[in-house]
Every structure is written in structure tokens, then in C-alpha cells.
Protein chains: 2
Amino acid sequence: MSTAARRERERQRRRQEILEAARGLFCDKGYASTTVDDIAAAAELSKGTVYLYFRSKDELYASVVLEGFKKLEVRLRELADSDMPVQGKVDAILGAFVDHCVSNPDYFRLTQLFAGGSVRDNLPKEVRDDIEAHARDLLLLGAGVVERGIEEGVFRRDLDPFMASLIAWRTLTGLLDLVIFGGQLVRRKDTQRLMRQAMDLFMRGAMNRGVPRGEREALSRERGKSPKAGD
Amino acid sequence: MSTAARRERERQRRRQEILEAARGLFCDKGYASTTVDDIAAAAELSKGTVYLYFRSKDELYASVVLEGFKKLEVRLRELADSDMPVQGKVDAILGAFVDHCVSNPDYFRLTQLFAGGSVRDNLPKEVRDDIEAHARDLLLLGAGVVERGIEEGVFRRDLDPFMASLIAWRTLTGLLDLVIFGGQLVRRKDTQRLMRQAMDLFMRGAMNRGVPRGEREALSRERGKSPKAGD
DNA sequence: TCATAAGATGACTTTGAGTTATTTTCCGAA
DNA sequence: TTCGGAAAATAACTCAAAGTCATCTTATGA
């Protein structure tokens with residue numbers, strides 16, 4: 001009797017449908033201007049039903065953010081697991097991250113709103129922990145690469161890999177936020193240059209001065225190669 | 001007949017009283033959980049009166065943020081105008097910024113909420129521009145110092161001063177946000193080390209390698225000096 | 001065919017932002 | 001001193017939207 005299993009599958013699918021509808025509306029109209037009734041209508045359900053699947057608007061929203069996190073994680077893990085030389089790998093990962101954010105600006109907006117926000121507080125602990133766990137995963141991924149770089153002598157020994165990862169992450173999100181939210185502080189067309197400069201600053205700050213231990217090929221090979229980051 | 005002038009003064013004072021009440025409550029209970037009725041009660045006024053002085057809760061909130069911006073600006077400008085050697089000056093400014101945020105965490109919270117948020121959108125253009133102008137001032141202040149550093153040969157020539165300023169700013173706020181909002185990603189006691197590492201990374205990334213042009217005294221003099229940044 | 005439980009509904013409650021008709025306070029002139 | 005009117009303040013109101021719940025519908029297994 002696999003009825004129960006099918007039931008569960010259908011339940012998950014419905015949940016997913018609501019999530020999709022919510023994502024679309026959130027991206028389209030922003031968090032505040034999207035009502036739960038809107039979402040229900042978009043998913044062709046009544047409001048009450050939405051609340052059968054998500055405990056609150058905030059939880060629904062958090063789930064949307066989480067969804068995107070997971071996609072990004074897949075993309076970055078691929079790069080991290082590839083066998084490029086360390087320095088190129090760092091470039092590639094940072095570049096991919098920037099690219100991801102720039103090509104999904106609405107989505108990025110949502111994530112940032114979550115990160116800096118009132119939403120986080122009124123969230124079931126379980127959901128918040130879930131998100132935090134995924135953030136940690138991404139950071140550990142970065143930390144791993146940095147650690148590898150230290151072992152190979154590319155990066156300074158006194159760098160804390162996890163902290164370095166944190167710093168890079170927050171720097172990029174901070175800047176992207178600025179660009180994408182589009183205050184008049186940065187012109188859109190300077191995006192490329194700004195992000196490049198930030199990544200460059202990070203690399204120079206993190207790298208060993210003398211490039212010791214005969215591993216300089218990685219360094220010179222990648223110098224000047226532009227990381228992809230579609231404008 | 002100076003009645004009109006006095007009227008205006010009293011009006012401004014009342015405005016200030018409301019602002020004070022709002023700041024207290026916002027810091028205390030956060031933006032979302034503070035109602036306009038709360039604010040009115042705290043200022044010993046009725047809600048309607050609050051709306052005589054501020055067009056919306058958001059505008060009121062933005063004004064609170066702006067207020068703090070101005071205070072910070074005073075503090076940083078003092079440092080920027082002092083005659084330390086450039087490198088020490090940068091350390092001091094960054095340190096003071098960090099200090100300011102760490103010692104007013106609730107306040108910092110508010111600022112971040114504004115920066116990353118839904119609030120900004122529903123804001124009278126005039127208010128938004130005002131805030132942005134002040135942000136720009138702070139950035140130009142930073143850019144000025146960097147520019148000076150470039151002239152003196154301390155910083156790399158290919159650094160864009162304004163961008164460097166942007167990068168430093170966003171890096172620090174991003175990290176502070178993380179620490180102060182207190183996810184489990186960073187332990188509170190690591191704050192010092194994290195911020196130090198971030199500033200260090202920035203300095204190393206921005207500095208000239210060879211320290212040319214006979215201005216090395218500034219460099220060695222300041223090396224290892226811990227910037228103040230009360231925990 | 002029927003009993004039951006899971007799923008879905010929409011009318012209802014509640015909360016809080018913003019409005020407005022009304023009242024109070026203040027001031028200058030008659 | 002009093003009166004008219006303008007500025008300031010009030011609180012009762014509207015309105016929108018989140019969240020709840022009593023009720024209905026549908027599927028399932030006996």
C-alpha cells in the first residue's frame with residue numbers, strides 16, 4: 001500500500017508550487033508589497049491552504065531564500081572540486097558568485113533583505129538554523145580552498161581560512177548590494193571594475209609576498225585573466 | 001515680533017523629542033515591533049501629532065538613521081583632518097568606524113536594516129537623497145585619505161580612491177553585521193581578530209609593494225600598532 | 001456504501017499604519 | 001478684555017493585510 005508515499009509526494013509538490021508562486025511574486029513586487037493572498041491566488045489556492053504548508057509569510061520567504069542558496073551551493077562546489085590551480089580557483093569561485101548575484105538581481109535583493117532584516121527575528125528557530133547551516137557550508141567550502149592555498153604557499157600562513165572566506169563573502173555581497181539596489185553612489189557600468197578591484201585587493205592582501213616554494217607558475221599563469229562575471 | 005521665530009524653535013524641539021522617543025524604541029524593540037502609537041505614547045503625544053511632523057513611519061525611521069550618520073561623520077572628519085601619517089590615519093579611521101558600530105549595536109542594527117531594505121523604497125525621494133548625500137560625504141572623506149596615500153607612494157597608483165573607500169566600508173559593515181546580529185557563524189569573542197584581519201587584508205592589498213619614494217618611515221612606524229576598537 | 005481523516009476553504013479576528021473631523025491653544029487686533 | 005482665526009493637537013475612524021478557525025469537500029480503506 002504505497003498510498004501514503006504518494007500522498008507525501010503530492011504534498012511536497014504542492015509545497016513546491018506555493019514556493020514557486022511566492023518566488024515569482026517576491027522577485028517581481030518585492031517582499032513587502034506581496035500579500036499572502038497574492039501568493040495564494042498565484043498558486044490557485046486559498047490563503048488558508050498556504051498556511052497549511054508554511055507557518056508564516058516570513059517562513060515562506062525564508063524558504064524561498066534557502067532554495068536559491070542551495071542552487072548556488074551546487075555551482076560553487078563544482079568549481080571547488082575541480083582541479084584548477086588554487087589561485088585560479090579562487091578567482092573562478094568569486095567570479096561565479098558575483099555572476100550569480102548579478103544575473104539574478106531580484107533574487108539577490110531578497111537574500112539581502114533577509115540577511116539584514118527584521119524578518120530573521122520572527123522566524124522559527126528551526127528554519128533559521130537551516131539557513132545558517134547552509135551559509136556555513138558555503139563558507140567552509142571557501143575556507144577549504146584557502147587552506148589549500150596556504151598549504152601550497154600561495155596564501156599567507158597567518159591567514160585564518162574561515163575568516164578569509166567570511167571577509168571575501170561579505171565584501172562582495174556588500175558591494176553588489178550597493179550596485180544592484182542602485183543608489184546613486186555607484187554607476188551601473190562601473191560594476192565590473194569595482195568587483196574586479198575588490199577581488200584584486202583581496203587576492204593581493206591574502207597572497208604571500210615572495211611567492212616562495214617554487215609554486216609561482218600558478219601565480220603568473222592566472223595573472224590578468226578576467227574572471228567571467230556577466231554585466 | 002519674534003513670535004514666529006520662537007514658534008519655529010518650538011516646532012523643531014518637538015520634532016527632536018519625537019525623534020528621541022523613536023530612536024529609543026527602535027533600538028529597544030526593533031523597527032517592526034515598534035508601532036507609531038508606541039512612539040506617540042513615549043513622546044507623550046497622540047499618533048496624529050506624530051504624523052504632523054513626519055510623513056510616515058519610514059520617514060521617521062530614516063531620520064533616526066540620518067541623525068546617527070551625522071554624529072559618525074563628525075568623529076571621522078576629525079581624524080581625517082588630523083596630521084597623522086597616512087597609514088596610521090587609515091587605521092585610525094577604520095578603527096573608529098568599527099568602534100562606533102560595536103559600541104552602538106542597536107543603532108548599527110537600525111542602519112543596516114535601512115541599508116538592506118524594503119524601507120528605502122517607500123521613502124520620499126527628498127529624504128532618500130539626503131541620506132545618500134551623507135553617505136557620499138563619508139566616502140569622499142575616505143577617498144581623500146586614500147588619494148593622499150597614493151600621492152605619498154604608500155598606496156598603489158592603480159587604486160581608485162573612491163572605490164577603495166567603498167570596498168573598505170562595505171567590508172567592515174558586512175562583517176560587523178554578521179557579528180552583531182549574532183548568527184552562530186562568528187563567535188562574539190572573535191570580533192576583534194576578525195576585524196583586525198579584515199583591515200590588515202585591506203591594507204596589504206592596497207599598499208605598494210616596494211614602498212618606494214623614500215617614504216618608508218610612515219610604514220614601519222605604524223606597523224603593529226593596534227587601533228583602538230573597544231570590544 | 002459509509003465512516004473517517006486529510007485537505008481545502010473563505011469568512012472572521014486582530015493589529016497597526018495612515019486620515020480626518022473636531023477640539024484646544026495661542027496670538028494679535030479691536 | 002475679548003474675540004476671530006490660525007496653528008497645533010487629538011482620538012475616533014478607515015483600510016489593508018497577516019493569521020485563525022469553523023465548516024465543507026474529497027479521497028481512502030473497510
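This is a predicted model: local features need pLDDT of at least 70, side-chain atom pairs count only at pLDDT 80 or more; totals for chains, interfaces and linings use all residues.
Residues are numbered from 1 along each chain as its sequence is written, chains are lettered from A and ligands numbered from 1 in the order in which they are written, and side-chain values use heavy atoms, leaving out hydrogens and water.

**View 1. The protein surface near DNA strand C.** DNA strand C is surrounded by 19 residues, where near means having a heavy atom within 4 Å of the strand. Among the atoms of DNA strand C that come within 4 Å of the protein, sugar and phosphate account for 67%. Helix 3 of chain A supplies the largest share of this surface, four residues, helices being DSSP runs of H or I with at least four residues, numbered from the N terminus.

**View 2. Phosphate oxygens of DNA strand C and chain A.** An N or O atom in the side chain of Y53(A) is 2.9 Å from a phosphate oxygen, whereas for S46(A) a backbone N or O atom lies 3.0 Å from one.

**View 3. D99(A) in helix 5 of chain A.** D99(A), found in helix 5 (residues 86-103), is buried, with a relative accessible area of 15%, buried meaning under 20% with a 1.4 Å probe and protein chains only. The side chains of D99(A) and R75(A) are joined by a polar contact of 2.7 Å, that is, a pair of N or O atoms within 3.5 Å, of which, within protein, one must be able to donate a hydrogen and the other to accept it, and residues adjacent in sequence count only if both atoms are side-chain atoms.

Conventions: Helices (H or I, at least four residues) and strands (E, at least two) are DSSP runs, numbered from the N terminus. Buried means under 20% relative accessible area, exposed over 50%, partly exposed in between (1.4 Å probe, protein chains only).
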